[in-house]
Amino acid sequence: MIRSLPLFLLLFAATATAQPAQPAQPLTMARVMADPDWIGPPVERAWWSWDGRHAYYSLKRDGSDIRDTYRQAISGGETALIDGAARAGIDGLQPVYDATRTRAAFVRDGDVFVRDLRSGALAQLTRSDESAASPRWGDDGALVWRVGDDRWFRWTARDGVTEAAILKAEDAPGKPPKPDALRDRQLRLFETLRTERERREAQRLQELDWRRTDPTRSPPPVYLGKDVEIAASSLSPDGRWLLVATQAKDADEGREGRMPKFVTESGYVDVEDVRTLVGRDDPLPQTFWLVDMADGEPRKLGLAGLPGIDRDPLADLRRAAGKEPLQGLRAVRIEDAGPDAMQWNGDSRSAALMLHSVDNKDRWLVTVEPTDATVRTRHRLTDAAWINWGFNEFGWMPDNRTLWFLSEQSGWSHLYLSDGGRARALTSGRWESSEPVLAADGRSFLFLCNRARPGDYEVCTVPADGGEVREITDLDGVEGFTESPDGSRLLVRHSESYVPPQLAVVGTDGGGYRALTDTRKDEYRTYEWLQPESVQVPSKHSAGTIWGKYYGPAAPEPGREYPIVLFVHGAGYLQNVSDRYPNYFREQMFHNLLVQNGYIVLDLDFRASEGYGRDWRTTIYRQMGHPELEDYLDGIDWLVEHRQGDRERVGIYGGSYGGFMTFMALFREPGTFKAGAALRPVTDWTQYNHAYTANILNTPELDPEAYRKSSPIDYADGLQDHLLIAHGMIDDNVFFKDSVMLTQRLIELRKDKWEIAPYPLEPHSFKHADSWYDEYRRIFELFERTLKD
C-alpha cells in the first residue's frame, strides 16, 4: 500500500523544484531541526598551556552532555584528547599571575594549583571536595582564595597553606546577654555564680589570645551576628583585612511559584518550587563590614557619602501611586558579581567595591582604606531607566592607586581610568568596549570592540596612558580571547554566520594568524548556505537606522511579490544581527528553508537590542513592545519598497521576548500581520521575574500603567489573525502559566484562528530534537496556510 505524503512534505518538494534552491541542496525540516551534533560542536572554552606551546579547549561529546578536553599544538599538528590520568597535568582556566609574572595560580576541579612559569613545576595546594574560588596574588607573593563565602586560605612559599579567615553568621561567644532582672538578681545574690562566670570568661579570653598570637593555629572566627547571612567576602592578600557583605537572615523573599511536572519517571505529578514574581522578591539590601583580623571585630562601613544615595529617583511615581517618597539612604548591594565586586589591590592598602542601588538607577565605584574605614567615591554612573547588566568590570592598575573600569556614562560602554580625581576616558565613540583585560606588560589594555559596525567584533588594544585604539584582529566575528602567558599572542574564539565558534592564534601585533580548529562535520560543511545580507532599515519613528539580516532569493523574479516572514530574537537585550554564529542557529537554517520555499525573511536588532549604546537599550523603559513594534513596521515598509515584499502577506515569529513581540504585533496591529507564532512567550509582565522586569517597568505596585501598557494580555481583544502558541510545560523562566492565562483570555473573548501546542518535557530552551521538529513544523504549516496564495 502506498501512503500519501504529509501536506508539508509535498509543499517542500513542490516549491523546491519551482524555485531556485538556496542552499543548493534541498533542505528538510528533519535536517534543520535535528540534534545539532550533526553540525559539529563549537569550541566552548579555550586556554593556554603554561609555556604557550599548546592550546586547550573543550568540546561537547556527540550524544552526550559531557565536555571533553583537547590539546592542540600552536605550531599545528594533530589534536589530542586529554583523558584519564593525563588530565592531572592540565593547566587551568583563567589563571592569575603574580606581580613578577613568574607564577600562575588557577583552580581546576575545585582545587588550587600554582605553576612556576620558569620551570613548569606544578604544585597542588588543595585536595578537597570543597571547591575553591577567587585566587588573588599579593605584591609580596602571597596567594589567597576562598571556599564558599565564609572561609579564606592563604599560601606563601615559606609557610605553605594556612586558614586565614573564618566567618560565622552567629553571635560571638561571651556576648553580653540581653538585660534580665532575674539573672542580675542571681548574680548579685550568689558570689559562687559570679566567680564561675568570671573564670569561664577569663578562660575564653585567654584561649582567644593564644589563638590570635600563635602562628601555627587558624585564626578565631569572625562573628557577624545570628540575624544575618553572609553574601560575599574578600580577604586582602596580606591576610590582615577582610571585607564582608551581609544581608538580613530569613528575610521575606516573596511567595515561591510552583511548577508541576506531568511526565515523570515515577509516574506521579512532581511539583518544583521556582522563582517568585516581580515586586514580590525585591533584592535584599546589603550591609558592608571591614574586619581587622588582628582583633576580629567587624566595623560597619558608612555609605552616607555616596553621591545621590539620599535621593529617591522614583519619588514622582511613588506620589502618583499614593505613596511617600523614600526617606534616608537608599538600599545598596553588590549585585551578582560576588567577591569580584570587592577587590583588594596588590599591597593590601586599599580595596575597591562596585555598589548598585537596589532600584538599579545608580552604580558607585568606591574605595576603602582600612586604616580609616572611610568609603570614597571614585565614580558614579546614574541612569533614569536602569544600569546595564553588563559593562560593570573594573580592576586595579599595577601602581595600586589607579582603577580601570567600564562605564556607559557617554551613552556607550567605554574604558576609563581613575586615580582619585576626575575619571579619564581611554576609548570613546559611537561603539562599545567590552571584556577588557590589562595586558601582560601592564602598559596597555586588550578588549573587544565593534568600531566598524555594531555587529563586527574584533580584539582591540589601547595604551594605558592614552592613545590610539588599534584593531588587532580582522575576523569580524570574534567571540572572546585569552592572552598567552608571555603576552605575545592571543587565543581567539571566533565564528561566522554558519561556522560555530572556532579557535585561532594571532600575535598581539596582529601578525602570525593561524587557524587551529574546524569542528564542523562534513555533511554540514558541504551545504551552500544562504549568507544573510546585512541591511540598514531607515526608521520612520526617529530611531535612525535599524540593523537587520535579510534572507531572500539571489535573483528575485521580476514583478513577483514575496510573502514576508519577520523573526524576533529573544531576551530583548540581545544582539542577533552580527557576523558571529547566531544564538538562533536553528532559526537561521529555518530561514534558508523558508527562502527555498518562496519566502523572504527579515531579522532585526530592534530597539532594546545589545550593541547599539545605552539610549537604544533603554528606549523601552516603561513601554515594552512599543518602540520595537514600530521598528518591525518600518521593516515591512523597507521590504515592500526594496525587496519585492508583499504587504498583504506578512507573518512574524519568535521565542521568549520574540514570542511577547509576536503577541504585541498581532494584538496591536490587527490585519498587518496575517499570522504569528509565539514561542515560550511572556503574556503578562507581572508574572515575570524581578531582576529583569523591575529594571524596565519598575514594579506593578509602583508603576501599574507601565505593566498595562507593556503586557500583551491587555491587548488580546485585538486578535483577528492566525496565532500559534507553543510553550514548554517545565519552563522555569517564562512559566507555562503565561500561555495558560492567555488561553483562558482568548476563550473568554471568543477568539478563533488560534491554537496552542504544549511540550511536556521541555524547559525554556528546548532540549529534544523531536520537540524542535514538531514546533517548527507547526510554524511552517501556519505560514503555508496563511501567507501563500
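**Charged pairs and a pocket**

Analyst: Lys261 has a relative accessible area of 28%, so this residue counts as partly exposed. The model is predicted.

User: Which residue forms a salt bridge with Lys261?

Analyst: The closest N and O atoms of the pair are 2.8 Å apart. Lys261 sits in strand 16 and its partner in strand 17, so the bridge ties together parts 11 residues apart in sequence. The partner is Glu272.

User: Is Asp91, which pairs with Arg115, buried or exposed?

Analyst: Asp91 and Arg115 form a salt bridge, with closest N and O atoms 2.9 Å apart. Asp91 lies in the loop between strand 4 and strand 5, and Arg115 in strand 7. The relative accessible area of Asp91 is 5%. Buried means under 20%, so Asp91 is buried.

User: Glu762 is buried yet has no salt bridge. Why?

Analyst: A salt bridge needs a side-chain nitrogen of Lys or Arg within 4 Å of a carboxyl oxygen.

User: Which helix gives the largest share of the lining of the second largest pocket?

Analyst: This pocket has a volume of about 850 Å³ and is lined by 32 residues. Phe585 and Arg586 are among those nearest its centre. The largest share, three residues, comes from helix 7.

Note on methods. Residues numbered from 1 in each chain as written. Predicted model: local features only at pLDDT ≥ 70, side-chain atom pairs only at ≥ 80, totals over all residues. Heavy atoms only, no water. Buried < 20%, exposed > 50% of the residue type's maximum accessible area, 1.4 Å probe, protein only. Lys, Arg positive; Asp, Glu negative; His and termini not counted. 1 Å grid on protein atoms, 1.4 Å probe; cavity = no way out; pocket = protein on both sides within 12 Å on 5 of 7 lines; lining within 4 Å. Points joined across faces, edges and corners; volume = space filled by probe spheres on them. Helix = DSSP H or I, 4+ residues; strand = E, 2+ residues; numbered from the N terminus.
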